[in-house]
Amino acid sequence: MNSNRLYFIDIVRAFAILMMLQGHFIDTLLEVSYRDSNYTAYRVWAYFRGITAPTFFTISGLIFTYLLLKAKEKGTEKLRMRKGIMRGFFLIGIGYLLRITLFTWLSGEFNNYFLVIDVLQIIGLSLILIIGIYFLCNKKTILFSAIVLVLGTLIFLTEPMYRNLDVSSIPLFLSNYISKSNGSVFTIIPWFGYICFGAFLSTLFYKYLHKKHFKIIVIPSFIFLGLLLIFYSSSILAYLSKLFHIQLFMDSASYNYLFTRFGNVLLYFAFFYGLERFFKNPLIIKIGQKTLSIYVIHFIIIYGSFTGLGLNSLIGKTLNPIEAIFGAILFLMLVCLLAYFYVKSNTFLYLNSRKIYDKLKGKPE
């Protein structure tokens, strides 16, 4: 086996997608009266659920950029960039497709639900933006690394400036990428910041992975920086605000979920990278490689894509905690089995969209 292969990437992706599955299941079906932060179990669950999206975005930025840099090493970066752009638009398309309710449309009723932005659109757009930045950097890794690090930091620091931004004057199709006021689950800012930090980390792995003591240096570094961000980033921002008389830093410190969540992500990375050999199971790796299929299947089952008949409408918020926990376990098993053994949706759709693209470009199959 290739000792430089980053198995922990697929392990983290598998963990993130499984956390997302149980999170969506429980959040959609748990009875309202149990959603009380006074319950320790619910408070702990909600905290760890809040780390899932940052982990998913960061690992997405890491894996995509790492593969892009490896392609540069092989001289195939132009092909990787073209495929990346196609992948980005493909994810955006799937994100919109999952919001379609065919029965409603066939009855002549249309609403703005189709335009709601979720994780797939943001990741798709982020991949295209990363390629754009990489291209503008003239494929210079050090310059690219510095830019994505600075950009990610600025996106997090300036969050108070765009937190309640009014974008009602621009078309809904575009404003949903910036504002949650119309139901969007994710927006390009601040979530592109996590993609940028993932891209930055990928440059470190690309440059130093082959070094003898890289792993024993990077794991403690992740732990130290992660704990620093979790427990002291707010204090550091408040101190910088007083030192430089910049109110923006204090505003960021007062509602500092972005840096602290990234600290949690780094601890996850340290844990799974450090214990990589214990988690390097073929089933776990396969789950990490099938995240798109798993996401599509779970979305259809829970939210009723196309038919409008999902667990959210058939069951609703009616389960007690025991029922929700056992239901989530069964749901995880069902979705993973469907993705692992039967579903080739992402491969099928991607290959066929690629064929259509090649035909439009006049390329032979």
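Student: What should I know before I start?
Tutor: This is a predicted model, in which local features need pLDDT of at least 70, side-chain atom pairs count only at pLDDT 80 or more, and totals for chains, interfaces and linings use all residues. Residues are numbered from 1 along each chain as its sequence is written, and side-chain values use heavy atoms, with hydrogens and water left out.

Student: How do I read a helix, and how far does helix 9 reach?
Tutor: Helices here are DSSP runs (H or I, at least four residues), numbered from the N terminus. The expected span of a helix is 1.5 Å times one less than its number of residues. Helix 9 covers residues 188-208, which makes 21 residues, and it reaches 30 Å from its first C-alpha to its last, close to the 30 Å expected. Helix 6 (residues 141-157) has 17 residues and reaches 24 Å, close to its expected 24 Å.

Student: What do "buried" and "exposed" stand for?
Tutor: Buried means under 20% relative accessible area, exposed means over 50%, and partly exposed is in between, using a 1.4 Å probe and protein chains only. Helix 9 is mostly covered, with 16 of its 21 residues buried. In helix 6, the buried residues include Phe 144, Val 148, Ile 155 and Phe 156.

Student: Is Ser 254 buried or exposed?
Tutor: Ser 254 has a relative accessible area of 59%, so it is exposed. You will find Ser 254 in helix 11 (residues 247-254). Ser 254 is 94 residues from Pro 160 in sequence, yet their C-alpha atoms are 9.6 Å apart in space. Met 161 sits in helix 7 (residues 159-162) and counts as exposed at 58% relative accessibility.

Student: How do I describe two packed helices?
Tutor: Two packed helices are described by the angle between their axes and the distance between the axes. The axes are lines fitted to C-alpha atoms, for helices over the stretch in contact, and angles run from 0 to 180 degrees between N-to-C directions. Helix 1 (residues 7-29) and helix 14 (residues 282-289) pack at about 75°, with axes 7 Å apart. That makes helix 1 roughly perpendicular to helix 14; angles under 35 degrees count as roughly parallel, over 145 as roughly antiparallel, 65 to 115 as roughly perpendicular and the rest as oblique.

Student: Which residues make the contact of helix 1 with helix 14?
Tutor: Contact means heavy atoms within 4.5 Å. From helix 1 come Tyr 7, Asp 10, Ile 11, Arg 13, Ala 14 and Ile 17, and from helix 14 come Ile 284, Ile 285, Ile 287, Gly 288 and Gln 289. They divide into seven nonpolar, two polar and two charged. Here Ala, Val, Leu, Ile, Met, Phe, Trp, Tyr, Cys and Pro count as nonpolar, Asp, Glu, Lys and Arg as charged, and the others, Gly among them, as polar.

Student: How many aromatic pairs does the whole structure have?
Tutor: A pair of aromatic rings is described by the distance of the centres and the angle of the planes. Rings of Phe, Tyr and Trp (its six-membered ring) pair if their centres lie within 6.5 Å; planes under 30 degrees apart count as stacked, over 60 as edge-to-face and the rest as tilted. The search finds 31 aromatic pairs. In one of them, Phe 156 and Phe 259 have ring centres 5.3 Å apart and planes at 85°, so the pair is edge-to-face. This pair links distant parts of the chain, with Phe 156 in helix 6 and Phe 259 in helix 12 (residues 258-274), 103 residues apart. Both Phe 156 and Phe 259 are buried.

Student: What about backbone angles?
Tutor: Most residues other than glycine have a negative phi, and most peptide bonds are trans. His 245, in the loop between helix 10 and helix 11, has a positive phi near 55°. A cis peptide bond joins Ile 189 and Pro 190, with omega about 15°, and Pro 190 is found in helix 9.

Key:
Helices (H or I, at least four residues) and strands (E, at least two) are DSSP runs, numbered from the N terminus.
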